[in-house]
Amino acid sequence: MFGYFYMAIKKTAITLTVLSLAVLGLLIFSGVALGSNPDCQPQVSVTTAHPFWENYGNYLERKLTVDESLRNVGNCLSCQMQVVRVETNQGVTLETPLPLDLGNLPQTASGAIRVHFRIPVGVSHFNSRLQVICDPRGTRPLTADQLTIDPPLAWANEGCPLEPPPELAGKTLPADQVFGARLYTATLKDEAGNPLVGQTLKWHLSNTFNFRILDSTTVTNAAGQITALVTPPQYFVCVIPYYDKGMTEVRAVRGDGLQASGAFVFTRCAPPGSVPPWLMPAPVA
């Protein structure tokens, strides 16, 4: 009978400079992840850790994003891996729900995770330590439940040409392009397609500087659904010419890490019909 291997992952030390949107320093300490089976000790190594501010709003709120790559450097059979714990110091707190699924990692394969940290004022560096569990039963799915979100893409446009901005290039544009709030609906069902009632999920925005959640529900109803009313900037623009655009990821997340996301883009141009900088041809060198 197979059991679970518990592995302590090496510390990743992250140095950041909070004077600009650029993270200027990064240092990774080497280490080994050990399993409990003496015949096969899983080993996972952090190969890269890339910290950055996703947008100006996150920078102001000191919400740091870190993309980490974890590599299976051991000789064990492939297994499902999950990050189940993240320890930090310097008063830094984790903003990302756990667990995080790394997927089925055979030998030498890599998996990636994205985590968000809240950085206290005055902190310029911190250490993080991950704990991962490995299920040697291989490709067993972690959950059969299904979570979807609608709309998958929204565009709120005010005064700009109907030609899509770069964020929407190549995508099927939504029919509703009026500037205003959008209602997002997340639907949770089991493997058989039946709605899951009374389950708690949380809403998250990747860009809280331009976008806000005006109203939301967090417990699934009889249809297995929760909703969030998301709005782009509501302030009145009185400067001409004026051009602005932004994008957010709207995510619904369950406590075990199951999640679904949609995108919301806004564009504003004044005077109406004027061509914004992002649609102008690049200058000839």
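Which residues make a nonpolar surface patch of about 320 Å²? Tyr56, Leu60 and Phe209 do. For such a patch, residues need over 30% relative accessible area and no salt bridge, and nonpolar side chains are joined within 5 Å.

A word on the model: this is a predicted one, where local features need pLDDT of at least 70 and side-chain atom pairs count only at pLDDT 80 or more, while totals for chains, interfaces and linings use all residues. Residues are numbered from 1 along each chain as its sequence is written, and side-chain values use heavy atoms, with hydrogens and water left out.

Back to Leu60: this residue lies in helix α1 (residues 56–61), helices being DSSP runs of H or I with at least four residues and strands runs of E with at least two. Leu60 is partly exposed, at 47% relative accessible area (buried is under 20%, exposed over 50%, partly exposed in between, with a 1.4 Å probe and protein chains only).

Now the disulfide (a pair of cysteine sulfur atoms within 2.5 Å). The structure holds 1, joining Cys160 to Cys269 with S to S at 2.0 Å.

The torsion about their S-S bond is about 95°, so the disulfide is right-handed.

Finally, an open sheet of 4 strands runs β3-β4-β8-β6 with antiparallel pairing; strands pair if DSSP finds at least two bridges between them. β3 (44–52) and β6 (93–94) stand at the edges with a single partner strand each, so one side of each lacks a neighbour in the sheet. Between β6 and β8 (residues 110–118) there are 2 bridges, and Leu94 stands opposite Phe117 in β8.

Notes: Patches are made of residues with over 30% relative accessible area and no salt bridge: like charges are joined within 9 Å, nonpolar side chains (Val, Leu, Ile, Met, Phe, Trp, Tyr) within 5 Å. Accessible areas come from the Shrake-Rupley method with a 1.4 Å probe; for residues, only the protein chains shown count as cover. A salt bridge is a side-chain nitrogen of Lys or Arg within 4 Å of a carboxyl oxygen of Asp or Glu.
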